[in-house]
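Please read the following briefing alongside the sequence and the coordinates. It moves from the contact between chains to features within a chain.

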Number of protein chains: 2
Amino acid sequence: MKIAKFGGSSVADVAQIKKVLSIFNADDERRVIVVSAPGRRYPDDTKLTDLLIELYHLVIGHADTQQITDKINTVLERFQSIEQDLPLKQSLIPHFKGKLEHLIKETTEHARLLDALKSCGEDFNAELIAAYNTQQGIDTLYYHPRDAGLFVTDEPGNARVLEESYTAIKDSLPPTKKIVIPGFFGISKTGHIVTFSRGGSDLTGAVIARALDAGIYENYTDVSGIFSANPNIIPNPNRIEEVTYDEMRELSYAGFNVFHDEAIAPLYSKEIPVVIKNTNRPEDPGTLIVSSRQAEGVVGVSCDKGFASINIKKYMMNREIGFTRKLLSILEDLNISYEHIPSGIDNVSIILREHQLHGKEALLTEQIRTTLNIDQLSTEKNLAILMIVGEGMKTAVGTANKATQAFMDHQINLKMINQGSSEISMMFGIEEKDAVKAVKAVYNAYF
Amino acid sequence: MKIAKFGGSSVADVAQIKKVLSIFNADDERRVIVVSAPGRRYPDDTKLTDLLIELYHLVIGHADTQQITDKINTVLERFQSIEQDLPLKQSLIPHFKGKLEHLIKETTEHARLLDALKSCGEDFNAELIAAYNTQQGIDTLYYHPRDAGLFVTDEPGNARVLEESYTAIKDSLPPTKKIVIPGFFGISKTGHIVTFSRGGSDLTGAVIARALDAGIYENYTDVSGIFSANPNIIPNPNRIEEVTYDEMRELSYAGFNVFHDEAIAPLYSKEIPVVIKNTNRPEDPGTLIVSSRQAEGVVGVSCDKGFASINIKKYMMNREIGFTRKLLSILEDLNISYEHIPSGIDNVSIILREHQLHGKEALLTEQIRTTLNIDQLSTEKNLAILMIVGEGMKTAVGTANKATQAFMDHQINLKMINQGSSEISMMFGIEEKDAVKAVKAVYNAYF
């Protein structure tokens, strides 16, 4: 059995939707497809999900009724144009309109309303696509996550899949019919719609694939696989033929957005392979993500911006039992996630994503100063993290050297090197202004 | 004013003690000297402190009286031979004997007895040296830390200096007389003798220097300064002319034992310089330890063995708020000190000194497994940490590269690289078996 997920660009208009259905129908093994909300049709286009977020802001900002009605109509027009172009004989627009109006009327809590509205892009699209495929003579069912048994934690915008989903999904979905399921969200145990973090449709597909014990999870997008470096920086980069789950997790962490990094987790234990394919060129081999592989050297170089470092110095820090634990408690109390905590003898740094500091920086530094009686504290922003990833690095003497040589040759100052905990990656902290130069230098050193 | 401290080899026999006193008396500015216990006179000799530890074990092991008496006599004979050779006219041996017997009789708690006995090497030596100098016509006072006001925390074998000592010492010591003080221990607020960690006489000198606001703290040993690498590994290594407190702290951390790393702390705020000098060649310039300096490049390479790494893998670890804090709490509850916690996306390692695991390893790994629900845990031992230290590294692009090149050229596998928190050092984790080769390779790369 195959489970396929199609990204926003694959379902942006009728031409794309027809490609999706031709792939769906071409293989009886392809039992369930997960669809995203309609994405951009042209560079300046607005994604449907963004329209829904605009609608949310009008509602909670108590905009006048006309503005809200106008926005609802803009959302519906997008689906209407898809219906007309297909064409779909029996319109779903009145049904969609009712759903939106009901959600706006009944959902009082802001975070809940945001999640509920955001889910409509995927939800309406799935229902519409299933209806059209049935109209074409292939009996196809639409399943809302509520009916599919996709249960998640109750954290708006940040859902995690509950373990019981796997049995529930297996029990809920009929074993022979073709099925379309909206991606991006699940249902909490209190019955609320809760979305995953953005791009979470990948996760929906992965959960379904695991629940049904699929032979492969196909992830359709608009590129023919994953490249060894960002194609916006490196012209015609090497396409990765095969990459492991672990390598993919590491690459995703620092900016490889082709496949949502949390979508690997459900596939891990059952070793279900993923193939990243191109909806527009389904004949291309794409990139295979597998549980293990014979590997040599480096598979990819990723780089992400927007990091900051809080550097703390305290004389005799290493004699003070519990210092770092106390520091981490302060971060936890302020609900600040951190990434790494490199330490020296009398120093420790907290590397985190810069947005974690928004609105909390002053409070955080003040609490560190008063609670921990430190000597010095400084904050460095505009940092980038460059990752070099590859299962083959475990055994290679000199991998680090190749990178440091490249940095030196291009006069790139290394703010941080973190190697050792993960055997398959090396992490370098640099200034954001050096990011493009660094990716080029390192890519050329390895490929 | 100058405060001078003399190490164990500088006070091991009469010839050495006479050199010490000639240095002491040569300069009226040299007001207070701190002395160690008699060290080794020849390679197979036993240090006096070790004899005292043997005595402790006999006492707590309930050895028979004769054995204990024999050991007390062995301790006293060492001082007796010094007295005879000087010669000292009025023997202190009966007084020392009484002190030892009193301590053994009155101290019931084991940890307290160990500290009390260990303190006698320094204590007796100080009293004896002061008496001899007075006999030679230079009025010299002996001050026990109890009378000198050196107050410490009540942690046997691991004392920390209490802030109030600085005023107390200033108030206790007469401002014009020459004074001899035993190193290595202080007095807790409950009146107990509590020793510093081994080599702690450096700390006593530093505390006196700060309390009296000395112009310089002279630290006399048996080498003419500090070298850029271990002379047992590198023949005729470069002598360091000047090094900062911070550089010294970093070098001491990984095996540079010339100056006790914690002895820097008291000098820090008052910027009192330290000079490391040779008792046998006091005319040599030695090495100056200062608060800041104009620096270029690397000042030293140190390497210490006996590290271990506990490597933990948990899928989606970086989504779990509080994971590392919980991990550190487990270590803290077991009273295990750790050194560094390098982390990847789904991994974290705890780097610690191997002896921290003694008797606790099974409990620790079991608690980590049960409390944190992890996927994998492995422990790696026999690791060494190599440090490259230098204030000049702040600005040098390519410092890392020189080191990684050296490791690669000599086929040394890097288990860990930690750079970034301290601006003046870089830390490399390697296997112990590669330690000598690595120090040679890196030293030759920089010097």
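## Strand pairing across the chains

Ile417(A) has Gln419(B) as its bridge partner in strand 17 of chain B. This belongs to an antiparallel pairing of strand 17 of chain A with strand 17 (residues 416-419) of chain B, which runs over three bridges, where two strands pair if DSSP finds at least two bridges between them. Helices (H or I, at least four residues) and strands (E, at least two) are DSSP runs, numbered from the N terminus.

The model is predicted, with pLDDT of at least 70 required for local features and pLDDT 80 or more for side-chain atom pairs, while totals for chains, interfaces and linings use all residues. Residues are numbered from 1 along each chain as its sequence is written, chains are lettered from A and ligands numbered from 1 in the order in which they are written, and side-chain values use heavy atoms, with hydrogens and water left out.

**Interface of chain A and chain B**

- The contact, meaning heavy atoms within 4.5 Å, takes 60 residues from chain A and 60 residues from chain B.
- About 5400 Å² is buried between chain A and chain B, and carbon and sulfur atoms give 49% of that area; buried area is the accessible area (1.4 Å probe) that two parts lose on being put together, summed over both.
- Six salt bridges are found across the interface, a salt bridge being a side-chain nitrogen of Lys or Arg within 4 Å of a carboxyl oxygen of Asp or Glu.
- A salt bridge joins Arg325(B) to Glu332(A), and their closest N and O atoms are 2.6 Å apart.
- On the side of chain A that touches chain B, the elements giving two or more residues include helix 11 (323-333), helix 13 (399-409) and strand 17 (416-419) of chain A.
- Helix 13 of chain A gives the most to that side, with six residues.
- By class, the side of chain A that touches chain B has 25 nonpolar, 23 polar and 12 charged residues, where Ala, Val, Leu, Ile, Met, Phe, Trp, Tyr, Cys and Pro count as nonpolar, Asp, Glu, Lys and Arg as charged, and the others, Gly among them, as polar.

**Domains and a sheet in chain A**

- Chain A is assigned domain 1 (2-222) and domain 2 (300-446), with bounds that come from an automatic or database domain assignment.
- The C-alpha centres of domain 1 and domain 2 of chain A lie 38 Å apart.
- Chain A has an open sheet of three strands in the order 4-6-7, with mixed pairing.
- Strand 4 (151-152) and strand 7 (193-195) of chain A stand at the edges, each with a single partner strand, so one side of each has no neighbour in the sheet.
- Strand 6 (residues 185-188) of chain A pairs with strand 7 of chain A in the antiparallel sense over three bridges, and Phe185(A) has Thr195(A) as its bridge partner in strand 7.

**Salt bridges and backbone geometry**

- Over all chains, the count comes to 53 salt bridges.
- Arg30(A) forms a salt bridge with Glu218(A), with the closest N and O atoms 2.6 Å apart.
- Because Arg30(A) lies in strand 2 (residues 30-35) of chain A and Glu218(A) in strand 8 (residues 216-221) of chain A, the pair ties together parts that are 188 residues apart in sequence.
- The peptide bond joining Leu86(A) and Pro87(A) is cis, with omega about -15 degrees, and Pro87(A) is found in the loop between helix 3 (65-85) and helix 4 (93-106) of chain A.
- In chain B, the peptide bond from Leu86(B) to Pro87(B) is cis, with omega near -10 degrees.
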